[in-house]
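Please keep the sequence and the model in view while reading.

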Amino acid sequence: IDHIVRRPDGLWQIVDYKIGPIPDKAKAAERHRLQLKIYGLYLAKLFSDQGTYPTVLYFTDLNDIHSFNFTPTEQVVTRERVADLVAQLILTKPHP
């Protein structure tokens with residue numbers, strides 16, 4: 001998380017900056033979507049009354065902005081996805 005800001009409409013938003021060359025910005029934005037969804041979960045913990053949780057991905061070298069708004073319904077799916085990923089990590093971790 002690079003920046004948390006309150007927008008003029010009163011909603012809190014997380015901004016994530018990406019620096020360096022980006023060969024395909026559409027693919028790059030999609031590649032970071034789960035990260036931004038997780039940031040949305042964080043916003044929901046901090047500001048549960050918002051109803052929507054905006055995040056922004058900003059590619060600084062391109063001056064290119066991708067905005068996402070995650071609803072509580074979408075966040076249920078994100079929580080499940082993160083739980084599945086963690087479970088996979090635990091299952092694949094070598095045990096001594």
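**From fold to core**

The chain contains three helices and four strands. Followed along the sequence, these elements occur in the pattern β-β-α-α-β-β-α. The model is a predicted one. Its C-alpha trace extends over about 50 × 40 × 20 Å along the principal axes.

Contacts within the chain show how the sequence is brought together. Among contacts with a separation of 6 or more, 54% join residues 24 or more positions apart.

The surface may be considered next. The chain exposes about 6,500 Å², of which carbon and sulfur atoms supply 59%.

What share of the residues is buried? Of the 96 residues in the chain, 32% count as buried.

The largest nonpolar core comprises 13 residues. Within this core, Leu 36, Leu 57, Phe 59 and Phe 68 touch the most other members. Two or more core residues are given by each of α1 (25-31), α2 (33-46), β3 (53-59) and β4 (64-70). The greatest contribution is that of α2, which gives four residues.

Which residues does Leu 36 contact, leaving aside its neighbours within four places in sequence? They are Asp 16, Thr 55, Val 56, Leu 57, Phe 68 and Phe 70. Two of these partners, Leu 57 and Phe 68, are themselves named with Leu 36 among the core residues that touch the most other members.

Technical notes:
Residues are numbered from 1 along each chain as its sequence is written. This is a predicted model: local features need pLDDT of at least 70, side-chain atom pairs count only at pLDDT 80 or more; totals for chains, interfaces and linings use all residues. Side-chain values use heavy atoms; hydrogens and water are left out. Buried means under 20% relative accessible area, exposed over 50%, partly exposed in between (1.4 Å probe, protein chains only). Contact means heavy atoms within 4.5 Å. Accessible areas come from the Shrake-Rupley method with a 1.4 Å probe; for residues, only the protein chains shown count as cover. A nonpolar core is a set of buried Ala, Val, Leu, Ile, Met, Phe, Trp, Tyr and Cys residues joined through side-chain atoms within 4.5 Å.
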